[in-house]
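Me: Please go through this assembly chain by chain, then through the contacts between chains. Show how each value is reached.

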Amino acid sequence: MESLLYLVLAGLMTGAIYALVAIGFTLLWQTSQTINFAQGEFAMLPAFFMLVALNLKLPLWLAILLGVGVSILLLGLAFKRLLVDPMLRHGVLPLAIATMALAIFLKESVKEFYSAEAQRFPSLFPEQKVDVGGAMISIQSIGVFLVAIAAVVALQLFLSRTRTGRSMQAVAQNPTVARILGVPVERMILLTFAINAALVALASALVTPIYLAKFSNGEVLGMAAFVAAIVGGFNQIRGAIAGGFLLGIVDNIAAAYVSTQYRAAIPLLILIVVIMVRPQGLLGRAEERTV
Amino acid sequence: MNTKFLTGVLAAAVLSLGVAAASAQNPPIKLENVAELSGPGATVGTNWKNGIDLAIAEINAKGGILGRKVEVNHADSQSNPGVARSLFQKAIDANPYALLGPGYSGSVKVTASLAEAAGLAQVMGGEAAELTMAGHKNLVRTSFGQQSSMPKIAKYIAEEVKAQAVAVVWVNNDFGKGGRDMITKELAARNVKIVADLSTEAGQADFAADVVKIKNAKADVAFIYLNEEESARILKELHGQNVKIPLIGETTLLGQKVIELAGVAANGVKGHVGLTTDAPVPAVQEFRKRFQAKYNYVPDHNGIKGYLSVYMIKAATEKMGKVDAKALPAALHNITITPDKEPGILMEVTVDEKGDLDRMSFLGEVVDGKQVIKQVLPKLK
Amino acid sequence: MTLQRLAVPGAILAGIIALALAPYGLKNYGISILGLWAVTTIAAIGLNLTLGYAGQVSLAQGAFVGIGAYATAILMAKGVPFGATLLLSGLLCFAIGWLLGYPALRVQHHYLAFVTLAFATLAFLVFRNEQWLTGGIYGISGIRRPVILGWNTAPERAYFHFCLIMLVLVSGFVWWIVRSPWGRAFLALRENPVRAASLGVDTRRYTLMAFAIGAGIGGVAGALYAPLVTYIDPVPFALSFSLNLLLMVIVGGGGYFFGPFVGAMIAVLLPEWLRFAQGLYLVAYAAAVMVLLVFWPSGIMGILDRLLRPADPNQGAAR
């Protein structure tokens, strides 16, 4: 039992990170029909911005702040203006494919211009362990979990309690009606991209001390976010959160009790079953658009 | 100051004249390298390539091989055997002196017959046991094959640690699976039981499930055969969960990089140390400094392998006393290269008739964040 | 299109002859690259049928190539003649494609992309883990090139010629499909599924058909790939291969008959062309793809189409 608890707790920590990355994924889909295949690379890259700042002997908090700022500029605004805007009129598919190219571009650039080796990344939290009901959990994991949850709660509050947030939701649900109601749709969409960039940068700062900074990190994270978003519900933020946690836990349970060689297969099988049985995702709404 | 500067310029001018004159008579020796520069093997191939470039720069600065400069052309196999095969064909078409790479054993398998048909030496980085068992006359390793390193570890686990039940944790790729199969066989031969056989994924971040399985299997020893990053992560997790059994590894697990990444969690780790920049040999330490100065990171064993590949070719060529591509494969077999004659070889090495290596290795332990060598395992012959 | 119809038969014939003669001027490397190009093109043609003509995103074409390659390697080792394995590989992938597309297309169109993405990764895991069948990570080596009706295809040049013949046959097959009532139904599907449905096209069946045929052609490409390289292991058939095939089709020009030929040529020859960029060639390729997609989303064939068409009426002035 003790080990099951430990597996679930450890899975929740990993799941919180998946959720952060998956939320941004669903945000982009909702507001601008962008299936971002570079989402994993988006979560890999900010750590390297932060490393550059750290190499300039800046303190960690400032490096993280700068990393988030640069991410918002490059992965938020520049991504939107330079790639999404000109591509969007061509349809969902060409844009999705352009993000695949972007993923290769980001990954290979980091490898060539920074390093092919994994880099150590300082942690915001100490590594000591504490006893949680018989399972030893590190303070680092708890910190990661709490920060991720705080970010999600803050985002939810922003979306439901502020005028801007509600406008964003209106845009996500029906841009045409939102425009008629006088919502500045374009600004709201841009804001979504900025929020996505901030979320992935935060995820990057949280996860890299554990994962280590490496150009290939995006492959695992991107796949996890993708699966989490679809399983949870592609068109709902709470779906992405639930999907992230579910995936983190399933990863561990599958490896412990089903098969180590097929540990990566279980989440994918769940994905296929969900699409067959409940295509809108566990917590999603059925989409009205049929085509 | 001025005179010094002038002398420098003069010396450089004379040197370059001399070099120009030399190269006019002697065309450069051309090497062709095919390695995993992108795809899942990118870290392996990049280290290998950098090692080669460093060795060539050093050799050329000292006048080349038999007075001839060395040149290399790098090609990217994209970690794909099909592409590696095509590029190897291209490399052979370019009529080189010798072929370098690849690093993935699968890619070595598809290219070895091409090199053999062309009669060219192939100095490669693959570690799978079977590579040198197929009887290719042209294939030479740059490190121990897994059939040389795993028996040493199995012997250590069975005879020194006296373990009865072992948990094996391995990364499920070309490298990890080969090691896992070999250690499984060697442990079985010594009547040691494998109580947990844990496959992990490259890039895996969460090792909670693996640690639970090690704990529940009641193993006396865990043998960990992963890449650097994953080694560090599992050590941290094992440490956090108070797993006290001996943790044993091969080369990477005791490496400086893992120690740096895992911190205190690496303390107490034991194992066999083959080719590593941590080897307590001054020449290796010097190499590490030069590599770090040029590329700004500490190389893994693939970096040393790439470096050695060029020096092995140099030593064999100088032993022949001529640059003869067709005779090179034979010259690279049944040869002992010693650092006093060829400092670039770093440690004395003997290549046998199959292309397998024999070299001194070590049993070590991590104590207070440092690798400490407990025992030197001499060359077998 | 008018220009194409005018010049196409002659140009195609000239192209085939040029390709058939190409190996005589090339060393082994050149020939093996041509072989790789031919096989990759076949895989891309299959995907182009699914994507370019029927508008369905498949992220598993690389996995189908893998299934075809493994089926052929395994069956050949059991003594099944190559002709039969080629056919079986195609049929197997067709059947798997059908089964995979069925549930996905029951719901919504972009779900096929998600299901195929998961399938591609699952297929890789099966190739890697089922060692008794696939040789696991060690793969299957020593795959022999076949003797076809007394013609030994073991030499590089002969095997390339065989691949070229297959490429011509597959192209002809797809050419026929696209112009058949089926093909017109595919196009109707892509352009306006609702309208197609209202005109009585059974959209789901046709979409499924396009996807399954595309998968089957992928299987044929795999069957040719195994003897080309003579060794297969799981790594080349990972998800990234499927994504690359998708990029090839789009870069070449999705929905253009010759798009896959051009896209595959760029992907296979690219490392060669960008040799000066050294390690940066993938960065350069990715950047070029993004620029291409932003300005000319219809790919290179789209650019050619636009360049050639206005030049048609007044050729002299354009020159």
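**Chains and their interfaces**

Me: How many helices and strands does chain B have?
Reply: Helices are DSSP runs of H or I with at least four residues, strands are runs of E with at least two, and both are numbered from the N terminus. By that count, the secondary structure of chain B comes to 12 helices and 15 strands.

Me: What is this model, and how are its parts numbered?
Reply: Residues are numbered from 1 along each chain as its sequence is written, while chains are lettered from A and ligands numbered from 1 in the order in which they are written. Side-chain values use heavy atoms, without hydrogens and water, local features need pLDDT of at least 70, side-chain atom pairs count only at pLDDT 80 or more, totals for chains, interfaces and linings use all residues, and the model is predicted.

Me: What radius of gyration does chain B have?
Reply: The radius is taken over C-alpha atoms, and the globule rule is 2.2 Å times the number of residues to the power 0.38. For 381 residues a compact globule would come near 21 Å, which agrees with the value for chain B, 22 Å.

Me: Which share of the residues in chain B is buried?
Reply: Buried means under 20% relative accessible area, with a 1.4 Å probe and protein chains only. Of the 381 residues in chain B, the buried share is 63%.

Me: How many helices and strands are there in chain C?
Reply: The C-alpha trace of chain C spans about 60 × 50 × 45 Å along its principal axes. Its secondary structure consists of 15 helices and two strands.

Me: How many residues of chain B are in contact with chain A?
Reply: Contact means heavy atoms within 4.5 Å. Chain A brings 28 residues to this contact, and chain B brings 36.

Me: How much area do chain A and chain B bury between them?
Reply: Buried area is the accessible area (1.4 Å probe) that two parts lose on being put together, summed over both. Carbon and sulfur atoms hold 48% of it here, and the total is about 2,800 Å².

Me: Which three residues of chain C lose the most area to chain A?
Reply: The contact takes 39 residues from chain C and 42 residues from chain A. The area buried between these chains is about 3,600 Å², with 80% from carbon and sulfur atoms. Together giving 17% of what the chain C side buries, the three residues are C:Phe114, C:Met290 and C:Val294.

Definitions and conventions
Buried < 20%, exposed > 50% of the residue type's maximum accessible area, 1.4 Å probe, protein only.
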